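Here are a few friendly notes to read alongside the model. Please keep the structure open as you go through the points.

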Amino acid sequence: MHKLESRSDIIRGFSPAWFITTMGTGIVGTLLYNFPYHSRELQYLSWGISLINLVLFITCCVLFLWRLAKYRDFYSILVHPQQSMLLGAIPMGLCTLIVSLVSTLKPYNLSWMPPLALTFWCIDVVLSLLSFIVIPFLVTTHQKHALDTVNASLLLPAVPTIVAATGGAIVASVHDGSVATTIVTVSYMLWAMGMGVAMLLTIVYLVRLVIHKLPPKEAIATVFIPLGPFGQASYGIQLLGVQAARLFPTELPQIAYLGQILQSIGFFVGLLIWSLATWWFAHAVYAMIYTRVQGRIPFHLGWWALIFPISTFAASTNSLWNMTGYTFFGAVASLVIVGVALLWLSIVVVTICYAWTGELFKAASVVRLELQTREPEDCDSEGPEECLE
């Protein structure tokens, strides 16, 4: 492995892809806290992981802002066909912190927690909408894409609004009255926008898989990415239905039975989307096994793309168990949570080893792990930095 020559190499090689680590770490902590079969030890472990995620997110923000200030290449990132997609990981990582904050402190009835959570959620909504609106516009105007090189990261700009909608349902649970009703209403809008666009982009990606088959082994982890919006949408619509049933009968009495109807719709639609997510989960696992049989899959930050999507599936399954009490959902949720926690732990260990040697901070590695779609002739011999035009 190649060691870095200076601290500048770390800053230059620090890309938005690192925020995927905060997404995965944060949601794993939340899953352990909400484990179907409650354990005090798991809650303590969840608190520890949430604190680690807070430090990790702050560190990523500092390093990324440092890079932008030093190299002033934000426009290059925006027009890059892969790095721009990963900017959506920033609000999603922030949302995991918001969910951890509310879930952990809600039992203590702290007066300062609800307004703090609401403030951070509003920031998260703004960042999510910027990702949702700006990046797709750049895709259709400034970036170069081809069907044979498209991978599932194309969905990433749409996912933050779905994640923010889910976070909104959780933040609304510690508010009442018009504030909570407004949060839930905005969250439904965010959910609809994100889910609609994600479904359209998933069709594009599925067409790519049918015509050009699985992506190369360096990019094979991206086949799990579509599982993310499906799992998160299922989880979010269920939580929003619960909050609608709590709030709308008193806040919107002029619309009879709206809350109860939305709760029923939330469960039913959540179950349907969960079923679709189950198919994609099975397909992604098969694709991963098939590719591994063909040869060794090299490690890179793209492996973190496994954690968040699988975790959203686990969260959706756990929510279905809470709503129905069916042992099947509880057992599946438990198995998936344990599996994704072990996967997270193994990826954390390997990531630390590769980061310590500098392998993950090399600019060449960053270009490779972000699975760039530019043609080889676009990157000349002057170095990987030239790929970020």
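1. Let us start with Q232, which is placed in helix 9 (residues 227-251); helices are DSSP runs of H or I with at least four residues, numbered from the N terminus. At 5% relative accessibility, Q232 counts as buried, where buried means under 20% relative accessible area, exposed over 50% and partly exposed in between, with a 1.4 Å probe and protein chains only. Leaving aside residues up to four places away in sequence, Q232 touches I162, V163, T166, F308 and T312; contact means heavy atoms within 4.5 Å.

2. A word on the basis: this is a predicted model, in which local features need pLDDT of at least 70, side-chain atom pairs count only at pLDDT 80 or more, and totals for chains, interfaces and linings use all residues. Residues are numbered from 1 along each chain as its sequence is written, and side-chain values use heavy atoms, with hydrogens and water left out.

3. Now the rings: the structure holds 18 aromatic pairs. Rings of Phe, Tyr and Trp (its six-membered ring) pair if their centres lie within 6.5 Å; planes under 30 degrees apart are stacked, over 60 edge-to-face and the rest tilted. One of the pairs, Y205 with W280, is tilted, at 6.2 Å centre to centre and 35° between the planes. Y205 belongs to helix 8 (residues 177-212) and W280 to helix 10 (residues 258-294), so this pair ties together parts 75 residues apart in sequence.

4. W280 also pairs edge-to-face with W279, their centres 5.5 Å apart and planes at 75°. W280 is buried at 2% relative accessible area, whereas W279 is partly exposed at 44%.

Notes:
Helices (H or I, at least four residues) and strands (E, at least two) are DSSP runs, numbered from the N terminus.
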